[in-house]
Amino acid sequence: MKNKQAELVSQLEDEDLYKALIQTQLLLLIISSFLGIWVFDDIQKFLLLFDFQDWSILLIGIPAGLLVVLYDLLSMRYLPERYFNDGGINQRIFSSLNGRQLVFIVLLVSISEELLFRGIIQTYVGLWMASFIFALIHIRYLYNVYLFVNILLLSFFIGFIYEWTGNLLVTIAMHFTIDLILGFVINKQAGKVKTIL
C-alpha cells in the first residue's frame, strides 16, 4: 500500500498534486461541517471552540509546535534515515510547492485536520480515540513503526494541548507551526524556495 501510494504521488504533475491536496483538505472541511452539525447542538457551542483573544495561541501553540519541530529535526539528524522513510511522499509533496502554495496548503491542512480531529472527533469520542484515528488517517506512516508511533504520540500531544487550553486555535497554530517549518526544511533541501512568499 505504501509503495502504491508513493507510486501514485510520483506520477502526478506538481500542479495535479497541489490540486489533489486542496481537494482532500476541502473534503475534510465538508466532513467536519456535517459532523459538526451532528455533534454540536447549535452553532454557538461550536464557535466556543475558537477564542481569538486567548494568548495561549502564541504562548502555548507556537512554542509547542517549535518543540515538536526541534524534536523532529534532532531525530532526523541522529537516527537512521530508514526511521523516516514514508516512501518519499513528504519530500515529493513539499518539494513540489512554491512558497505561497506551501503556506496555503499548511494553513488549510492545519485548519481542516484540527477541526475534524480535535474539534469534532475528540469532542465526541475523546482524546485516545481521536489520536488513534488521526494516526490511522496518515496511511503512509502505517508501514514504518517509528513514524506510526511518532504520529500517534504527536496526535496525543496535540490533543492534550487542546484538552488543556480548550481552544482549537491553539492546536491550529501548533499544527501550522510544525508543518510550515518542516515543509520549508524539505522544500529548501530540494532547492525550491528562495523566499517565503
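Let's start with Tyr124. Tyr124 is partly exposed, with a relative accessible area of 48%. On the cut-offs: buried means under 20% relative accessible area, exposed means over 50%, and partly exposed is in between, using a 1.4 Å probe and protein chains only.

A word on the source. This is a predicted model, where local features need pLDDT of at least 70 and side-chain atom pairs count only at pLDDT 80 or more, while totals for chains, interfaces and linings use all residues. Residues are numbered from 1 along each chain as its sequence is written, and side-chain values use heavy atoms, with hydrogens and water left out.

Now the rings. The structure holds 8 aromatic pairs. Tyr124 pairs with Trp38: the ring centres are 4.9 Å apart and the planes are at 45 degrees, so this pair is tilted. Rings of Phe, Tyr and Trp (its six-membered ring) pair if their centres lie within 6.5 Å; planes under 30 degrees apart are stacked, over 60 edge-to-face, and the rest tilted.

Where do Trp38 and Tyr124 lie? Trp38 is in helix α2 (residues 14-39) and Tyr124 in helix α6 (residues 99-125), so the pair ties together parts 86 residues apart in sequence. Helices here are DSSP runs (H or I, at least four residues), numbered from the N terminus. Trp38 is exposed, at 57% relative accessible area.

Next pair. Tyr83 and Tyr146 are also tilted, 5.4 Å centre to centre with 40 degrees between the planes. Tyr83 lies in the loop between α4 (56-78) and α5 (89-95), and Tyr146 in helix α8, so this pair ties together parts 63 residues apart in sequence. Is each one buried or partly exposed? Tyr83 is partly exposed at 28%. Tyr146 is buried at 17%.

Ring pairs link Phe40, Phe46 and Phe50.

On to charges over rings. The charged end of Arg118 sits over the ring of Phe134, 4.7 Å from its centre. Arg140 has its charged end over the ring of Tyr141, 4.7 Å from the centre. The rule: NZ of Lys or CZ of Arg within 6 Å of the ring centre and within 35 degrees of the ring normal.

Phe134 brings us to His138. The side chain of His138 reaches the backbone oxygen of Phe134 at 2.7 Å. His138 sits in the loop between α7 (127-137) and α8 (145-165). His138 is buried, with a relative accessible area of 9%. What does His138 contact, leaving aside its neighbours within four places in sequence? Glu113 and Ile151, where contact means heavy atoms within 4.5 Å.

Note on methods:
Helices (H or I, at least four residues) and strands (E, at least two) are DSSP runs, numbered from the N terminus. A polar contact is a pair of N or O atoms within 3.5 Å; within protein, one must be able to donate a hydrogen and the other to accept it, and residues adjacent in sequence count only if both atoms are side-chain atoms.
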